[in-house]
Amino acid sequence: MDRPLLDRPPDDPVRLLDSDGALLGGYEPTLSETDLLSLYGDMRLGRRFDERMISLQRQGRLGTYAPLAGQEGSQFGSMYALSEDDWVFYQYREHAAPLSRGFPPEYLRYWAGYEEGNAVLADHRIFPLNICIGDHVPHATGMAWASKLQDNDDEEAFVCHFGDGATSEGDFHEGLNFAGVFDTPTVFMCHNNGWAISVPREEQTRSATLAEKADAYGFEGVQVDGMDPLAVYEVTRAAVEKAKTPGDTPRPTLVETLEYRYGAHTTADDPGAYRGDEEVDAWREKDPIDRLEAYLRDEGVLDDATDERIDGAIEDALADAVETLESVEPDPDDMFADAFAEPTPRMEAQREYLRALRERHGDDALVRDE
Ligand SMILES: Cc1ncc(C[n+]2csc(CCOP(=O)(O)OP(=O)(O)O)c2C)c(N)n1
Ligand SMILES: [Mg+2]
C-alpha cells in the first residue's frame with residue numbers, strides 16, 4: 001500500500017477500491033477469498049433484509065424500522081475487522097452488527113416491540129440497541145476502561161457505531177474525552193451519511209471534518225470512503241490492532257466513514273421533504289455492493305452460480321427469521337415489563353386498568369376503530 005491507513009491528515013479519506021471495482025494504490029486485500037465472498041454475501045443479506053423489513057412494516061407486521069441500504073460497505077466492512085471477543089455498541093441503523101454475528105432470528109422481534117429481540121444481542125457481545133442519540137458513547141468508553149483495569153485490554157476492543165448527528169451530543173464529547181485521558185481500547189465509528197434526519201451535515205458543525213474532532217481529545221481521527229467495504233475493513237482493523245496490541249498502551253481512534261443512506265431515515269420519514277433525487281442517484285453510482293461484486297467477478301471469485309447460492313441462503317435465513325417473529329403471540333401486558341426494575345405506582349395503575357379492560361371486553365378492546 002502506498003500510504004498508511006492511520007497517521008494521515010483527517011481530510012484525506014482512505015479509498016482502496018474504486019467505484020468500478022479496481023484496486024487502488026498498490027493495495028492487496030488482506031481478507032482471504034473465502035472471507036471476501038462471505039463479506040459480499042453478508043452485504044447482500046443486509047440489502048435484502050432491509051427490503052424485507054420495510055415490506056413487513058408496510059404490511060403492519062412490524063413497527064417502525066430504520067433502513068440501512070447504502071451503508072452496507074461501512075457497516076459490514078467494519079464488523080468483519082473484529083474478532084468475536086470484541087464488543088459492539090450500535091445505533092438503530094447498524095443492523096450489520098447482529099446480521100454479521102450469526103443473525104439471531106429473534107432480532108426481528110425487537111422491531112415488532114418485543115424486548116427479547118434486544119436481549120438476545122448480549123449473547124453476541126452486542127450491547128442493547130441504542131436509540132437515544134450518543135448515549136452509548138460513554139458506555140463504550142466505560143466498558144473499555146473497565147476492561148483495561150482488569151487487564152483484558154489485549155483481548156477485547158470496544159467498537160461504538162453512531163452517526164454524524166451524534167457528534168453534536170454532549171455524550172459524544174464526554175465519551176471521547178475520557179477515552180483519550182484513560183487510553184481506552186475503543187474504536188469510535190462515526191457513520192457520516194450526510195444527514196441527521198433532515199439536518200444536513202453542514203448545519204451540524206463548523207468543523208471541516210468530523211474525524212478532526214479526535215484531535216481535541218488527543219488521539220487520531222481518520223476519514224474513510226464508507227462506500228468502499230475494503231477500505232473500511234482495513235482502517236477498522238488497524239484501529240482495533242492499535243486498541244489492543246499486547247504490551248502496548250491501548251489508544252482509541254475515531255473513524256469517520258463517508259457514506260449515504262438511500263432510503264428514508266425511518267419508515268416514518270419522507271426524505272422527499274428535504275433532499276432531491278439527484279443526490280440519491282449520485283451516491284447510488286458509488287454503491288458498495290456493486291463495487292465489491294465487480295472486483296470479485298473480475299478476480300474470478302464470484303460467478304452467477306455462486307450468486308444464486310448466496311440468494312438462496314439469504315431467502316432461507318429471512319424466512320426463518322420471519323417465522324420466528326410470527327411464532328410469538330403478543331401479550332399487551334409485556335409492555336410494562338422492562339422499563340423499571342420496580343414499576344412506578346402510575347405504571348401499576350395503568351397495567352391494572354389495561355388488565356381490567358381486557359377482562360371485560362377481550363383484546364378487541366385494544367383495537368381502535370378508525
Ligand atoms: C438524544 C436524542 N435526541 C434526539 C433524538 C431524535 N433523533 C432520532 S434519530 C436522530 C438523528 C440522528 O442522526 P445521525 O446520528 O446522523 O444518525 P443516522 O440516523 O443518520 O444514522 C435524531 C435527532 C434522539 N433519538 N435522541
Ligand atoms: Mg446521519
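The protein chain in this predicted model is divided into domain 1, covering 33-326, and domain 2, covering 332-366, with bounds that come from an automatic or database domain assignment. Taken over C-alpha atoms, the centres of domain 1 and domain 2 are separated by 35 Å.

A word on conventions before I go on. Residues are numbered from 1 along each chain as its sequence is written, while chains are lettered from A and ligands numbered from 1 in the order in which they are written. Because the model is predicted, local features need pLDDT of at least 70 and side-chain atom pairs count only at pLDDT 80 or more, whereas totals for chains, interfaces and linings use all residues.

Let me turn to the helices, which, like the strands, are DSSP runs numbered from the N terminus (H or I and at least four residues for helices, E and at least two for strands). Helix 1, residues 33-58, and helix 2, residues 72-79, have axes that come within 10 Å and cross at roughly 135 degrees; axes here are lines fitted to C-alpha atoms, for helices over the stretch in contact, and angles run from 0 to 180 degrees between N-to-C directions. Helix 1 and helix 2 are therefore oblique to each other, given that angles under 35 degrees count as roughly parallel, over 145 as roughly antiparallel, 65 to 115 as roughly perpendicular and the rest as oblique. On the helix 1 side the contact is made by Leu39, Asp42, Met43, Gly46 and Arg47, and on the helix 2 side by Glu72, Gln75 and Phe76, where contact requires C-beta atoms, placed from the backbone, to lie within 7 Å. By class, this contact has three nonpolar, two polar and three charged residues; Ala, Val, Leu, Ile, Met, Phe, Trp, Tyr, Cys and Pro count as nonpolar, Asp, Glu, Lys and Arg as charged, and the others, Gly among them, as polar.

Helix 1 also meets helix 10, residues 288-298, their axes coming within 10 Å and crossing at roughly 150 degrees, and the two are therefore roughly antiparallel to each other. Among the residues that make this contact are Leu36, Tyr40 and Arg44 of helix 1 and Ile289, Leu292 and Glu293 of helix 10. The contact of helix 1 with helix 10 has eight nonpolar, no polar and three charged residues.

Lastly, the ligand. Of the 14 residues around ligand 1, Ile133, Gly163, Asp164, Gly165 and Ala196 come nearest, a residue being near if its C-beta atom, placed from the backbone, lies within 6 Å. Strand 2 (158-163) and strand 4 (195-196) are the elements that give two or more residues to this shell, which by class has eight nonpolar, four polar and two charged residues.

Note on methods: Contact = placed C-beta atoms within 7 Å.
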